[in-house]
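Please open the model in a viewer and keep the selection panel at hand. The stops below are arranged so that each selection leads to the next.

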Amino acid sequence: MSTIIEQADRRTFLKTTSGLVAGLAMGGSLTEAMAKAAGNAAYNIPLGVYAAYDKADFLRKSGCAYIEESVGGFLIPKDGDAGYEKNLTQLKQEHFPIKSYVILLPASLKTLGPEANHEAILQRTETVLKRAKECASQFVVFGSGGSRIIPEGFDKAKAKAQHIELTQKMAPMAEKYGITIAVEPLNRGETNFINSLAEGVEIIDAVKSPRVKLLCDIYHMLVEDEPASEIVKYGKHIVHCHIAEKAKRTPPGVAGDDFRPYLAALKKIGYKGGLSIECFVYTDFEKEAKRGVEVLKQQLSEV
């Protein structure tokens, strides 16, 4: 038995080092050869799906590392505190992590414009961050496109200043609870403010908090024709990612979109965070979500 193991170990060693030897034979340094071998390694990052928590067991069995929920679905449900306590109990029993929450604000709560309601937003955000910590989660996504639409005729510079001021007030709360607020750029079909990674970084740079970072949503980037190179450019700010197919926001594998240029950009920046399939309509959730995870794993292995 020991002889078989020794032979297997030797084959593994030779396979691992063959690339290094080849690199050295071509005149490269040991460091360069090692870097090249590391670069050819399969790229793997934690995958998740945005869904109601009752899908947790299915997603675990489908190869997901976590689930992504919504603020209104899990942290501040329609049935109030009792509903949240019920959700928290389910989370503790299931032992499947919720990494992040989407839709921080409803469209009725405005971050900017003449109807901006920062006091109510901050009260809601305090509750959300406190509960996210109780759930051992990492991120709250600050997309909420309906809440940040600049009204027609309203001064854009003033609107931006309002949004930054609000986010600056959210930052100490996020730092207090150890939860990162991920600013999410959205396509112009959903909002007319913060439509690119560059515009998201403008907010982050103005706020200057270690708990206010950037979310990269590849679906929105595709809709906006935003190149994958922007991920490399702003990579140091990215802490979380979403993905869906461009045409109808379907999961990977439905229309057959090739995400490899964007996944390669994530690999280039050394991104190790989560990548969530974020879709809102499924023909067959279990079939399409499972297939989406499989397709992403395949494309990740090919970058």
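Begin by selecting Lys208, which has a relative accessibility of 69% and therefore counts as exposed, the cut-off being over 50%. The model is a predicted one, and the values quoted on this tour are to be read accordingly. Lys208 is located in the loop that links helix 8 to strand 6. Its phi is near 55°, a positive value in a residue other than glycine.

For a second residue with positive phi, go to Ser144, where the angle is near 50° and the residue is again not glycine. Is Ser144 buried or exposed? Its relative accessibility is 10%, so Ser144 counts as buried, the limit being under 20%. Ser144 belongs to the loop between strand 4 and helix 7.

**The barrel**

Eight of them form a closed barrel in the order 1-2-3-4-5-6-7-8, and the pairing is parallel. On average, neighbouring strands of this sheet are turned by 30° against each other, direction ignored.

Two bridges pair strand 3 with strand 4 (residues 139–142) in the parallel sense. Select Tyr101 to find its bridge partner in strand 4, Val140.

Now show the side chains of strand 5 (residues 180–183). Which residues point which way from this strand? Thr180 and Ala182 point one way, Ile181 and Val183 point the other way, and all are buried. In a regular strand, side chains alternate between the two faces of the sheet.

From Val183, move to Leu214, its opposite residue in strand 6. Strand 5 and strand 6 are paired in the parallel sense over three bridges. Continue to Leu215, which stands opposite His240 in strand 7. The parallel pairing of strand 6 (residues 212–217) with strand 7 extends over four bridges.

Strand 7 (residues 238–243) is mostly covered, with five of its six residues buried. Select His242 in turn and look across to Ser276, which stands opposite it in strand 8. Strand 7 and strand 8 (residues 275–277) run parallel and are joined by three bridges.

**Connections over the helices**

Strand 4, helix 7 and strand 5 form a right-handed β-α-β unit. A right-handed unit is also made by strand 5, helix 8 and strand 6. Further along, strand 7, helix 11 (residues 260–268) and strand 8 make a right-handed β-α-β unit as well.

**Helix against helix**

Two packed helices are described by the angle between their axes and the distance between the axes. Select helix 7 (residues 156–177) together with helix 8 (residues 197–207): their axes come within 9 Å and cross at roughly 55°. That angle makes helix 7 oblique to helix 8. Helix 7 passes helix 8 in a right-handed crossing. To see the contact, show Lys160, His163, Ile164, Thr167, Gln168 and Ala171 in helix 7, which meet Glu202, Ile203, Ala206 and Val207 in helix 8.

On the helix 6 side, the contact residues include Ile121, Leu122, Thr125 and Leu129. Their counterparts on helix 7 include Leu166, Met170, Met173 and Tyr177.

**Helix against sheet**

Which strands does helix 12 lie across? Helix 12 lies across strand 1 (47–50), strand 7 and strand 8, and runs at about 150° to strand 1. The view thus returns to strand 7, the mostly covered strand, and to strand 8, its parallel neighbour over three bridges.

Notes. Residues are numbered from 1 along each chain as its sequence is written. This is a predicted model: local features need pLDDT of at least 70, side-chain atom pairs count only at pLDDT 80 or more; totals for chains, interfaces and linings use all residues. Side-chain values use heavy atoms; hydrogens and water are left out. Buried means under 20% relative accessible area, exposed over 50%, partly exposed in between (1.4 Å probe, protein chains only). Two strands pair if DSSP finds at least two bridges between them. A crossover is right-handed if, with the strands pointing away from the viewer, the path from the first strand over the helix to the second runs clockwise. Axes are lines fitted to C-alpha atoms, for helices over the stretch in contact, and angles run from 0 to 180 degrees between N-to-C directions. Angles under 35 degrees count as roughly parallel, over 145 as roughly antiparallel, 65 to 115 as roughly perpendicular and the rest as oblique. A crossing is left-handed if the near helix is turned anticlockwise from the far one by less than a right angle, and right-handed if clockwise. Contact means heavy atoms within 4.5 Å.
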